[in-house]
Amino acid sequence: MSNKATIELDGKKYEFPVVVGTENEVAIEIKSLRADTGGLITLDPGYKNTGSCKSAITFLNGEEGILRYRGYSIEELADKASFLEVAYLLIFGELPTQEQLDKLYKDIKKESHVDEEMKKILDGFPKSAHPMGVLSSLTSALIAFNPSAVNVESDEEMYNAIIKLLAKFPVLVAWTLRKKNGQPLDYGDSSLDYVDNILKMMFKSPHEEHYDIDPVVSSALNKLLILHADHEQNCSTSTVRIVGSSHAGLFASISAGISALWGPLHGGANQAVIEMLENIKEDGGDTKKYMGKAKDKEDPFRLMGFGHRVYKNFDPRAKIIKKSADQVLDQLGVEDPVLDIAKGLEKEALEDSYFVDRKLYPNVDFYSGIIYRALGIPTEMFTVMFALGRLPGWIAQWREMRLEKEPIGRPRQVYTGENLRDFKDISKR
Ligand code: SDX
């Protein structure tokens, strides 16, 4: 592989260094492009061909359907690790020893109190408020009660800010759900592990003496959170990095990431998938009609949960979730007709040239909603669960961006508006 790339323009040649990553990904580093060429820039809407950074956190290969966190395969982690172990791995780079994991959870438990004033902010929202908007606001509001900016040069301050977020975010998630259900905003039970405590905070009814953790539900949620934990430079992670690049705080950066994840083309797709499957069911289960709509350029309908910016093969997470969906519904004794509709759609799409030619496969969102629903999670909370899983990845990426002293993100543009013109008095327009 050559270590230089040449751009030729108007008879002039410009050379730029070639960067090769540890998985042999190759990039042309163009940070001196404007200076070397007197103003030339590249144009790449949606950054489909543009790398924003070097990162050591997550590797994915879209053509081969590979996903690894810090070198460990998603299949192994989903099968063998706890979500808190994966959070530690993503953020600090190594799987924790038992001692490190115990300390992490001990520190989290110490910080899991959320200021009672936060309940007044939550009370200000109507019950109809979408949980993602509530969660983004509450996450930003945490700043008011933790005002000191993180000195990233201090390992201790960075660690403490990370612990606060890992501790308080699940409480905000649980309170967002409980508020919607008109239930008291309780705290968890520190005798439980991290994920079981989340389940108890979310679902313990005020009338129950105690809340029995169903091992099937606990294991399914642990797996789902791991599968969502990071995904390199996706839309919401890039948002967290670019907001953090202005040296805005960690909480503010995560709040921005939650808003980006909300969109139906991104994390909001898991809610959109279930709504789509429900519509197809209501419409008599006519999957062929909806396949036709998805292929019709005049029709804005898209097959939600299908396609991906990077995966041009099966999303490895979708494979794991699909297998888990069958197991979880079977173990919980749940019959969900939309699962059959989903499988029917998938089968048809994988045999349809429109989808095959465009390499459109089921992504992480296609089956996840079916499991969330079986776990008793309301549809509007699905993307909140995605955010809960993605939190350690956002934190890891923000921390890496700050420790690497990345410059403030500021893309350029090609201007296509009016050329210079003189102001005309209104009487002359
Ligand atoms: C996530 O980036 C990440 O890593 C994200 C994520 C993560 O973990 O962070 O993996 C999570 O966001 C998964 C994606 C969830 N979104 C959806 O399921 C929404 C439905 N999918 C599409 O909107 C779309 O596939 C995207 C947004 C996911 C990707 O869009 P791209 O890469 O910009 O692709 P495109 O829009 O350029 O589509 C290429 C072609 C087009 O047709 P042509 O113009 O070539 O004729 O494929 C078509 C598109 O119309 N197409 C679809 C389709 N997705 C793409 N047609 C019908 N249904 C679809 N779902």
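Modeller: About 60 Å³ of space lies in the largest cavity. The model is a predicted one, and it holds one cavity of 30 Å³ or more. Rolling a probe the size of a water molecule over the atoms shows where empty space is left. The lining of the largest cavity is made up of Phe125, Pro126, Lys127, Ala129, Pro131, Val134, Thr176, Lys179 and Lys180. Two elements give two or more residues to this lining, namely helix H6, which covers 131-145, and helix H7. The largest share comes from H7, with three residues. By kind, the lining of the largest cavity divides into five nonpolar residues, one polar and three charged.

Helix H7 also takes part in an open space, the second largest pocket, where H7 gives the most to the lining, with four residues. That pocket has a volume of about 260 Å³. Its lining has 13 residues, and those nearest the centre of the pocket are Asn146, Ser148, Ala149, Val150 and Ala161. Helix H7, running over 155-180, and helix H11, running over 250-262, are the elements that give two or more residues to the lining of this pocket. Seven of the lining residues are nonpolar, four are polar and two are charged.

From the helices I turn to the strands. Strands of a sheet pair through backbone hydrogen bonds, either parallel or antiparallel. Strand E1, residues 4-9, pairs with strand E2, residues 12-20, in the antiparallel sense over six bridges. Within this pair, Glu8 stands opposite Lys13 in E2. The hairpin of E1 and E2 has two residues between the strands, and Asp10 takes a positive phi near 50° there. E2 also pairs with strand E3, residues 26-28, again in the antiparallel sense, over three bridges. Here Val20 stands opposite Val26 in E3. The hairpin of E2 and E3 has five residues between the strands, and in this hairpin Asn24 takes a positive phi near 60°.

Strand E5, residues 66-69, is joined to E6 by two bridges in the antiparallel sense. Tyr69 has Tyr72 of E6 as its bridge partner. Ser73 is also found in strand E6. Leaving aside neighbours within four places in sequence, Ser73 is in contact with Leu67 and Arg68. Gly257 is 184 residues from Ser73 along the chain, and the C-alpha atoms of the two are separated by 25 Å.

Asp315 sits in the loop between helix H13, at 287-295, and helix H14, at 316-332. Is Asp315 buried or exposed? Its relative accessible area is 1%, so Asp315 counts as buried. Gly292 lies in helix H13 itself. With a relative accessible area of 34%, Gly292 is partly exposed. Gly292 and Tyr354 are 62 residues apart in sequence, and their C-alpha atoms are 10.0 Å apart in space.

Cys53 is in no disulfide, and the nearest cysteine sulfur, that of Cys235, is 14 Å away. Cys235 is likewise in no disulfide, and for Cys235 the nearest cysteine sulfur is that of Cys53, 14 Å away. Cys53 has a relative accessibility of 23% and therefore counts as partly exposed. Cys235, at 46% relative accessibility, also counts as partly exposed.

Technical notes: Residues are numbered from 1 along each chain as its sequence is written. This is a predicted model: local features need pLDDT of at least 70, side-chain atom pairs count only at pLDDT 80 or more; totals for chains, interfaces and linings use all residues. Side-chain values use heavy atoms; hydrogens and water are left out. A disulfide is a pair of cysteine sulfur atoms within 2.5 Å. Buried means under 20% relative accessible area, exposed over 50%, partly exposed in between (1.4 Å probe, protein chains only). On a 1 Å grid over the protein atoms alone, a cavity is a set of points where a 1.4 Å probe fits but cannot get out, and a pocket is an open set with protein on both sides within 12 Å along at least five of seven lines; lining residues have an atom within 4 Å of a point. Grid points are joined across faces, edges and corners, and a volume is the space filled by probe spheres set on the points. Ala, Val, Leu, Ile, Met, Phe, Trp, Tyr, Cys and Pro count as nonpolar, Asp, Glu, Lys and Arg as charged, and the others, Gly among them, as polar. Two strands pair if DSSP finds at least two bridges between them. Contact means heavy atoms within 4.5 Å.
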